Amino acid sequence: MRSLFLFYKQIHSFNIPFSLAIAALAYSQGGSFDIYFFLTVLTLGYMLSLYFFEVWYSNQYFFYYNLGLGKVKLFSFCFGINAVIALLYFLLF
């Protein structure tokens, strides 16, 4: 479980700043900051962060594979956590 959260943290080291920048840009144009932030975290920012992780740290997949974690499991875990956080936020606010 710790290795899944390690991957989650590594992926979001790019995703969160990128999503904040997109949300700030949308807010400056009159859009809703929170909607654009969570949509970017779930879609474009997530895909870009996976792409950059693949380009820059592709050798680290061997570490996760040796722990029994394939790419699909890593990707689905990160997306699932993001989806739950976004869903909880939209249900509460």
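Okay, a quick definition before anything else: when I say buried, I mean under 20% relative accessible area. And keep in mind that this is a predicted model.

So, histidine 12. Its relative accessible area is 9%, so it counts as buried. It's part of helix 1, which covers residues 2–28. What does histidine 12 touch, once you leave aside the neighbours within four places in sequence? Pro17, Val41 and Asn82.

Val41 takes us over to helix 2. There, the buried residues are Phe37, Phe38, Thr40, Val41 and Leu42, and they pack against helix 1, helix 3 and helix 5. Helix 2, residues 33–42, meets helix 3 at an angle of about 35°, and the axes are 3 Å apart. On the helix 2 side you have Leu39, Thr40, Val41 and Leu42, and on the helix 3 side Leu44, Gly45 and Tyr46. Sort that contact by class and you get five nonpolar residues, two polar and no charged ones.

Not counting residues up to four places away in sequence, it touches Ser3, Leu6, Phe7, Gln10, Phe53, Leu69 and Leu74.

On to the rings: there are 21 aromatic pairs in this structure. Take phenylalanine 7 with phenylalanine 53, which is edge-to-face, 5.1 Å centre to centre with 85° between the planes. Why care about that one? Phenylalanine 7 sits in helix 1 and phenylalanine 53 in helix 3, so the pair ties together parts 46 residues apart in sequence. Phenylalanine 53 also pairs with tyrosine 57: the centres are 5.6 Å apart and the planes are at 45°, so that pair is tilted. Are those two partners buried or exposed? Phenylalanine 53 is buried, at 3% relative accessible area, while tyrosine 57 is partly exposed, at 43%.

Step back, and Phe7, Phe53, Tyr57, Tyr61, Phe63, Tyr64 and Phe75 form one aromatic cluster. One last thing, on Tyr61: the charged end of lysine 71 sits over its ring, 4.6 Å from the centre.

Conventions. Residues are numbered from 1 along each chain as its sequence is written. This is a predicted model: local features need pLDDT of at least 70, side-chain atom pairs count only at pLDDT 80 or more; totals for chains, interfaces and linings use all residues. Side-chain values use heavy atoms; hydrogens and water are left out. Helices (H or I, at least four residues) and strands (E, at least two) are DSSP runs, numbered from the N terminus. Buried means under 20% relative accessible area, exposed over 50%, partly exposed in between (1.4 Å probe, protein chains only). Contact means heavy atoms within 4.5 Å. Axes are lines fitted to C-alpha atoms, for helices over the stretch in contact, and angles run from 0 to 180 degrees between N-to-C directions. Ala, Val, Leu, Ile, Met, Phe, Trp, Tyr, Cys and Pro count as nonpolar, Asp, Glu, Lys and Arg as charged, and the others, Gly among them, as polar. Rings of Phe, Tyr and Trp (its six-membered ring) pair if their centres lie within 6.5 Å; planes under 30 degrees apart count as stacked, over 60 as edge-to-face and the rest as tilted. A charge sits over a ring if NZ of Lys or CZ of Arg is within 6 Å of the ring centre and within 35 degrees of the ring normal.
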